[in-house]
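Please work through the following exercises with the sequence and the structure in view. Each task is followed by a solution in steps.

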Amino acid sequence: MSVSSPSPYQSFAKILSSYHEQYAEPGPSSVQLDSPMRSDAVLDEAGGLLVALMSAIEETIRARPSSGSWDTAGEDQMTGEEQEALLLEHRTWQLLRSMYDNRLQRADPEFQPLSAEKALREDAYIPPEDLAQLIVNEDEDLSLWATLVEHLQSRPLLNRPPPLEARHGYLPTTLRRAKAQHRTGAASTSSAGTGQTSLDPDFTLRDPQGPGLAGEDATYQGPLLETLWDLVRHGELDAAIRVCEQGGEPWRGASLMGGRRWTMGGLTKDSMGSTALEGNRARALWKKSCRAIAKNPVISSSERALYAALTSDLQTLLPSCSSWEDHLWAHVLSRVEARLEVRWRDLGGFWEEEARALGNDEEDAQVRGGLEEVFASMAAVQKEDVASATRNPYYVAQRMIILGKADVLISQFADRLVGLEESVSPELVGPLVRFFAHLVLVLRSLGQSVPDTPANAILEAYLHILEREGNDHLVAMYAACLREGNGEDSYAGFLRTMDPNTTKEARMEALARAKTHNLDVAAIARETVRLILEEAFATIPALSSEQPDITSFATGLSERDVQLIRAIEWLTFVPDAARDALVKSNDVARYFLALGQANAAQALLKTLPPGVAQGDQDEEDPMEDVTEHEHFQELFTVFACHEVVQDVLGRQPKATATKLEQHNWRKSLLSAIERVQAVTIHLLTSDWLLFHIPDDTSIGTQRTKELGRIRQIFIPDLVLRLHTLLMSQRHLSPSLLQSALDLTKVVATEENHVYSEFFTWSGEPYRLVAYLDRVREASLAALESGSGSAFVVAR
């Protein structure tokens, strides 16, 4: 698709959004693409929504012409199959506009058509053309059929009449031959039957064995009659008459005009300015004559088909019909003509009596049945083009729209979605789903009943198409049209597929789009996180029974870690989801810490907004989540204090530094060590992660187990870290060695629940043994100080 020409996906979204902004009925859902609109805004023939959609399709077709190949195309071209699908979609929207314009107008309680019988009583001389229009208006079926015929007679996009050479004069080649014969004396042989004796329009019929038409004239008759049939087939009678006149056959043009009903347009006060006295007063006789031509086996099939089309003679007309639309047009046109004639005769009146006196067409067919019978008859047609069309999804859609079964159509297509890619070419799946998705939206905009479950399935399929085609920014507006909460679920499914490395701003923007379409962004954020975590944890192995090492904070994060952290960020974008952010961040942090991944847990907590735990103070029983979060933060405070010590150690003055610099550095180091000692002792003596959790559910039991595992991993580590720090820096002050010895009291005190964490899950005491070895070293150092006690340091 060229840069200057947007794709139909983008064009359709822009058009629907624009029309709903202008014409949607006021209400909370007025910004949605399926909110109710005035019917004229959708169906207007000049500037309605459907016309705009058709224009978008036409723009696409003209911007990317067909390559001429059915299945291959260049970069700026489309295959013949793709173009045919777009043309059929364009035609289907055109049909939808016509059908619903008729149906909704008649469904209006204020619609009260004038009775033809009453009009005839009031004016016995009402012209047949006006009376026929009244008959059509008051008959619901006849009105729909007439509208359908009008649609079928309109030309599809890119359809043109067959090319025809411009000719002037009547049978010029035959006329030249006759003149040449006359000049050379060929007339003397006419008595033998070999000369040209007549040039009237019927001379070839009267004398089939005669010389007939000259070569070029005979050759010209075929294309001429094909063009005339095509023009009559598409309701372009005036153009057909002009072709006859330009070809020197005005008599044929006059024969085509006979189908017009008699009217006195300029002689009534309601139609001043119109041409008076138009049409055929002897129309029944004209039909009888045309029917005779259509059934004359001597006449060419092309000419017979032409006059069969003029009289709607179904039996003679059908053999010349090649396409699905041709057959439908022939069937419906014959029914319109037949019902009109019956009703006109039943009503009577001056003009009907005169027509009866002039002569009737006794062979006027009495066609029975409605549109259901029409399609049943077409289903039995053996012609390949018609048979294949009955299976084409666009023709199926047209049939169901004509029958007024759009709701059934939606359900049937939704059932086909699972195997759609197996029955339709890959490049046609997107346009087809796009059509049906917008059919759902258009029907809803018109206030029509659409089954929610099938409609949701189609719209969800369209969301996947939009993602696949790179139109992520359109997903929210269509997801908002899903009913029964599915909009939020589907959009969450889309957000789940976003790359975790997408910028925070881009993800916030994607979530914000949902709000503009009346979707619950908090619900979307919650569902997005649920989906991501569910998928991630389904592939993550269970926690190992082995004691993990604590990951260094300098270690980078894995792709899985980033995915889990980014998942929680969705909840931080929505203030209403603050509690969910707290709960889910605790869940993920608990998982990280149970693996010893303090670096990942810290990275996660840093993404949370400040005060995330403070908004829950008014919630019912929220303290366990707040407490857990605060305890995690307390752990990282200890680690942060250790980092401060390392930072101070890294700034140790050189040997040449002044005594003041040495003193200040030593003071800073002691202060940092004392801070580490204070926060560590506080954590060890404050029942860290031992708060009450209801264990009446499997989740509560699992949570308690995970917190216990975290204590077993980090409590011994914090004790050993503090002891090691105090012993390594005891040369700064004897108090550090004493603090290391006093730490044993904290570990040994029963109510602190510290020493028990030194045992592994299998009961192995190796970490306690390691700690006691280090205590023994500290005790020896105390004895060396001259205190005389293993747990007292001499001052």
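**Exercise 1: Cysteines**

Cys 641 counts as buried because its relative accessibility is 8%, where buried means under 20% relative accessible area with a 1.4 Å probe and protein chains only. The model is predicted: local features need pLDDT of at least 70, side-chain atom pairs count only at pLDDT 80 or more, and totals for chains, interfaces and linings use all residues. Residues are numbered from 1 along each chain as its sequence is written, and side-chain values use heavy atoms, with hydrogens and water left out.

**Exercise 2: Asn 586**

Task: State where Asn 586 is found and which residues it contacts beyond its neighbours within four places in sequence.

Solution. Step 1: Asn 586 belongs to helix 30, residues 578-594; helices are DSSP runs of H or I with at least four residues, numbered from the N terminus. Step 2: Asn 586 is buried, because its relative accessibility is 1%. Step 3: Those neighbours aside, Asn 586 touches Asp 625, Glu 628, His 629 and Phe 632, contact meaning heavy atoms within 4.5 Å. Step 4: Between the C-alpha atoms of Asn 586 and Ala 601, 15 residues apart along the chain, the separation is 9.2 Å.

Methods. Helices (H or I, at least four residues) and strands (E, at least two) are DSSP runs, numbered from the N terminus. Buried means under 20% relative accessible area, exposed over 50%, partly exposed in between (1.4 Å probe, protein chains only).
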